[in-house]
Amino acid sequence: MCKETPICHSLAMIEERIREKLTVEALADSIHFSKYHYQRMFREAVGESVMRYVTRRKLILAAGELAETRDTILEIALRYGYDSHEGFTRSFTAYMGMTPAEYRKYHYAVASLRVGKEKRDMMYSKTTDEIIRELNGLIVEARETADHTRKHVGAMPEAKAFYEPVWNYAADRTEEMAGQMTELLERVGNIAGCPDGISARFLIVSAIENAAFVFSLTAFQTGLTMARAIPEHREAYEQMTGKYRQLAWHARLKAEKIADFLSELAALIFQDMRKNAQERMRETQEAGRAAAEKLSNPALPYLYIVEEILEMTEKLSALSPEKVTVYELENMLFRLETVSFAAEVDILRNPSHRELFAGISHFENCLKEALEFFRNLPEGAMGTYGKSENEPVPVRNPGKKYEDLAVQEEILLFYLKGEIQKLEAAHLGEEQTGALRKVCDELAGVVKASGHASDGGEEDISGRLRKVYDEMTAQAVQLGVYGGAIRYIAEEVKAPLERM
């Protein structure tokens with residue numbers, strides 16, 4: 001974005017007057033634009049509306065003061081043009097994913113939008129802001145869940161000694177994952193600074209999905225433990241169990257949202273790569289044609305060089321960016337170096353023609369730059385050039401939901417087998433043990449089918465899962481007071497049916 005454009009002047013003015021109550025009208029007047037024209041030009045240049053940009057800048061700067069000063073939240077709110085603590089808190093929470101008080105306590109991360117950046121980088125920054133907000137919210141919820149657990153583990157004093165190790169373990173795991181997600185924030189922030197590092201996107205998706213898995217497993221384990229408890233103890237710890245269920249649910253939702261944001265970001269990155277590739281190829285072709293034109297006088301003995309350069313140029317013209325290979329560019333550069341060597345020999349024979357050959361050197365430099373660009377493209381990027389600009393780059397393959405289902409049900413199968421072993425000696429008869437082992441076999445069949453399923457197999461898998469649930473529930477009813485854990489696992493077996 002050129003520093004001399006009116007919009008850049010406007011961005012600089014916003015920074016100077018960021019603590020004032022800015023309006024679109026005042027900002028438009030300051031650069032002598034109509035309100036309508038200013039808003040259109042601003043969105044075109046920056047990628048978002050004027051007041052959304054102003055609000056983001058205020059909140060980014062306010063977040064810095066929350067972390068670095070001891071000023072009250074109200075003082076900071078008033079400083080940035082908010083009329084009340086409540087209004088500032090609403091705006092801050094919507095943007096950061098946490099309240100100002102929580103940010104001051106944890107002060108994790110916020111993507112810093114540099115004034116004067118190109119529109120492309122501003123768009124990257126907007127997307128990473130969204131990801132950071134989702135992560136911040138999940139980190140705070142995880143920390144608060146762990147804190148709540150430690151404070152209320154003694155809810156049932158006579159049972160504390162028995163349950164405290166389980167709840168402390170759950171709190172430790174939750175804090176550990178919060179710490180890992182905090183480290184992840186830096187990686188997310190770095191995407192805006194180095195957006196072509198597309199491989200980081202897949203690492204982030206993997207990390208957040210792993211966190212969601214751990215939170216779900218922790219919620220399941222605490223719920224299963226309490227399902228074995230007597231009713232009084234189960235009731236005393238129900239609030240804590242509920243908090244872990246809620247954390248797991250929110251983690252799954254946020255993992256999906258972050259994956260979607262990262263898909264949007266990947267689409268932007270690949271779109272820019274495509275444009276950059278096209279520009280590199282266009283510049284190289286133009287340099288080749290210009291080099292050939294300088295030597296194209298029929299009276300000169302250089303038509304063999306002209307023909308070779310034009311052949312390479314035409315070959316480049318016929319290649320769309322998605323069909324370019326590093327190998328092909330390397331071969332072309334080798335050919336051009338051969339031409340360049342022949343030209344140097346011709347110059348030695350006729351030094352006065354040196355200027356005529358100058359274009360070959362420029363053509364060679366352009367080809368080298370294009371080769372370096374394609375060499376540095378991340379693995380897998382080449383096949384994305386042919387996509388429509390509006391087509392998102394998928395993070396998950398179509399069979400991912402079935403793979404996830406297979407993993408989830410396999411874990412439940414593991415716990416079901418463990419529960420059968422715990423009950424077998426004292427509470428299960430031979431007939432009931434056989435019935436439950438048959439349920440295990442049926443659930444194992446669902447796991448195998450899910451692992452090989454594709455879109456369209458939902459009806460069969462849903463029916464088989466429902467059958468497993470019904471049989472487990474019937475066995476739990478027969479076990480009476482000892483069937484709580486079996487019933488709990490059955491509910492988890494059925495849960496995916498609501499999302500299919």
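A salt bridge here is a side-chain nitrogen of Lys or Arg within 4 Å of a carboxyl oxygen of Asp or Glu. Lysine 21 counts as exposed too, at 58%.

If you trace the chain, you will find aspartate 83 in the loop between α5 (73-79) and α6 (85-96), while lysine 21 sits in the loop between α1 (6-16) and α2 (24-30). The two are 62 residues apart, and the pair links distant parts of the chain. Helices (H or I, at least four residues) and strands (E, at least two) are DSSP runs, numbered from the N terminus.

## Pairs that join helices

Aspartate 172 and arginine 150 form a salt bridge whose closest N and O atoms are 2.6 Å apart. Because aspartate 172 lies in helix α9 (residues 160-193) and arginine 150 in helix α8 (residues 119-152), the pair ties together parts that are 22 residues apart in sequence. Aspartate 172 is partly exposed at 41%, and arginine 150 is partly exposed at 34%.

Further along, glutamate 311 forms a salt bridge with arginine 335, with 3.5 Å between the closest N and O atoms. Glutamate 311 belongs to helix α13 (residues 303-318) and arginine 335 to helix α14 (residues 326-349), so this pair ties together parts 24 residues apart in sequence. Both residues are partly exposed: glutamate 311 at 46% and arginine 335 at 24%.

The mean pLDDT (the predictor's confidence in each residue, from 0 to 100) of the protein is 81, and 83% of its residues reach 70 or more. Over residues 109-120 the pLDDT stays under 50, and the model has 42 contacts (heavy atoms within 4.5 Å) beyond four places in sequence for them. Residues 380-396 also have pLDDT below 50, with 41 contacts beyond near neighbours in sequence. Where pLDDT is low, the predicted coordinates should not be read in detail.

Residues are numbered from 1 along each chain as its sequence is written, and side-chain values use heavy atoms, with hydrogens and water left out. Local features need pLDDT of at least 70 and side-chain atom pairs count only at pLDDT 80 or more, whereas totals for chains, interfaces and linings use all residues.

Conventions. Buried < 20%, exposed > 50% of the residue type's maximum accessible area, 1.4 Å probe, protein only.
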